[in-house]
Amino acid sequence: PEISLTPQTVERFKSRFSEAPEMVAVLHSHLSEGERHDEWHKLHSGRARIVIGARSAVFAPLENLGLIVVDEEHENSYKQEEAPRYHARDVAVVRAKIENCVVLLGTATPSLESYANAKRGKYLLSQLTQRVDDCQMPLIRIVDLRLERRKEKAAAILSEKLRTAMTDRLTKGEQTILFLNRRGFSTSLLCSHCGKARDCPNCSVALTFHRANARLSCHLCGHSAAVPKRCPECKENALIYAGFGTEKVESTVSAIFPQAVVKRMDADSMTRKDAYRETLNAFRTGKIDILVGKQMIAKGLHFPNVTLGGIINAEHQLTLTDFRAGERQDQRTAQAAGRAGRGGAPGRGEREG
């Protein structure tokens, strides 16, 4: 479901089939046109028999197809929002029927429709009753931020319990992942005098402030605007930044833990072609102590030295006008917490809301 998961998967497959590395091909949108051309023809000619990629890989030109694996089948990112509109998981099921091959839908938090299909006998249900290498499930603790606000008289990004747990991990030389499903520095720019927010003229949603380029951006259509010095409505000098995203979390964590190496993974920071692979390799080798990011770091990744996962502002998902809000929040919580305790040391998840 995420391009960020591709390097890890490709490395595993090329290691397993090291005698014939040409057998593995990669397809996703971050490839250059030349690379995509080479990979496609490698598959079409039959030189490659395994394809790894994001949702578009379901259309790979493979003959005599025997198996389709849809990892994290519950993810809504398998749904293509622009034309041609399709859901890669459903296309995989239909193609498997046409090709008369096996399709494997893998997930720790199945979508309601897939789970219902399995319970009705339409799909065969196969359950894993324990984690790999008999690792313990992480302890999940919910932190009430209302109590933190009463103590600090301000909105807390990191609770006292989470800060203490992170300090403990740094002392032990262990790693931490912080998950927040919002990009940018501040999620809206408000006027404290008239109450008007800076909205996107195309989408009517609040523009997000990005400190790196000092601009307001719409995460739906891509509209960008300069930050006004005064409120365009009432002309008062009363603009305030409200809310926070991954950029502000990174800044706050770096200020609280100046001795730690903090890195952010989201669509804004991972703009270079090899940024995903380089960041994940640095985290795997222990060069990064705390990794902050959106949902791309909350699933599928295997780092044995990660013993703490923090889910910040966890209740935000429940406020969205989406009938799947509760389902998706439960899935993201389980997936993010599942990044911790995958090695010898037990893990813990902190869910703040």
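What volume does the second largest cavity have? The points below take up this question together with the aromatic contacts.

1. Basis of the note. This is a predicted model, in which local features need pLDDT of at least 70 and side-chain atom pairs count only at pLDDT 80 or more, while totals for chains, interfaces and linings use all residues. Residues are numbered from 1 along each chain as its sequence is written, and side-chain values use heavy atoms, with hydrogens and water left out.

2. Cavities. The search of the whole structure finds 3 cavities of 30 Å³ or more, a cavity being a set of points, on a 1 Å grid over the protein atoms alone, where a 1.4 Å probe fits but cannot get out. Grid points are joined across faces, edges and corners, and a volume is the space filled by probe spheres set on the points. The second largest cavity has a volume of about 50 Å³, and the largest cavity about 90 Å³.

3. Linings. Lining residues have an atom within 4 Å of a point. For the largest cavity they include Phe179, Arg182, Ile311, His316 and Arg332, and by class the lining has 5 nonpolar, 5 polar and 2 charged residues. The second largest cavity is lined by His74, Glu75, Asn76, Arg328, Gln331 and Arg332, with no nonpolar, 3 polar and 3 charged residues. In this scheme Ala, Val, Leu, Ile, Met, Phe, Trp, Tyr, Cys and Pro count as nonpolar, Asp, Glu, Lys and Arg as charged, and the others, Gly among them, as polar.

4. Phe59 and Tyr86. The count comes to 5 aromatic pairs, where rings of Phe, Tyr and Trp (its six-membered ring) pair if their centres lie within 6.5 Å, and planes under 30 degrees apart count as stacked, over 60 as edge-to-face and the rest as tilted. The pair of Phe59 and Tyr86 is edge-to-face, because the ring centres are 5.0 Å apart and the planes stand at 75°. Phe59 is partly exposed at 47% relative accessibility, whereas Tyr86 is buried at 16% (buried means under 20% relative accessible area, exposed over 50%, partly exposed in between, with a 1.4 Å probe and protein chains only).

5. Phe185 and Phe209. These rings also form an edge-to-face pair, with 6.2 Å centre to centre and 90° between the planes. Both Phe185 and Phe209 are buried, and ring pairs link Phe185, Phe209 and Tyr241 into a cluster.

6. Arg16 and Phe17. Arg16 lies over the face of Phe17, at 5.3 Å from the ring centre; the criterion is that NZ of Lys or CZ of Arg is within 6 Å of the ring centre and within 35 degrees of the ring normal.

Conventions
On a 1 Å grid over the protein atoms alone, a cavity is a set of points where a 1.4 Å probe fits but cannot get out, and a pocket is an open set with protein on both sides within 12 Å along at least five of seven lines; lining residues have an atom within 4 Å of a point.
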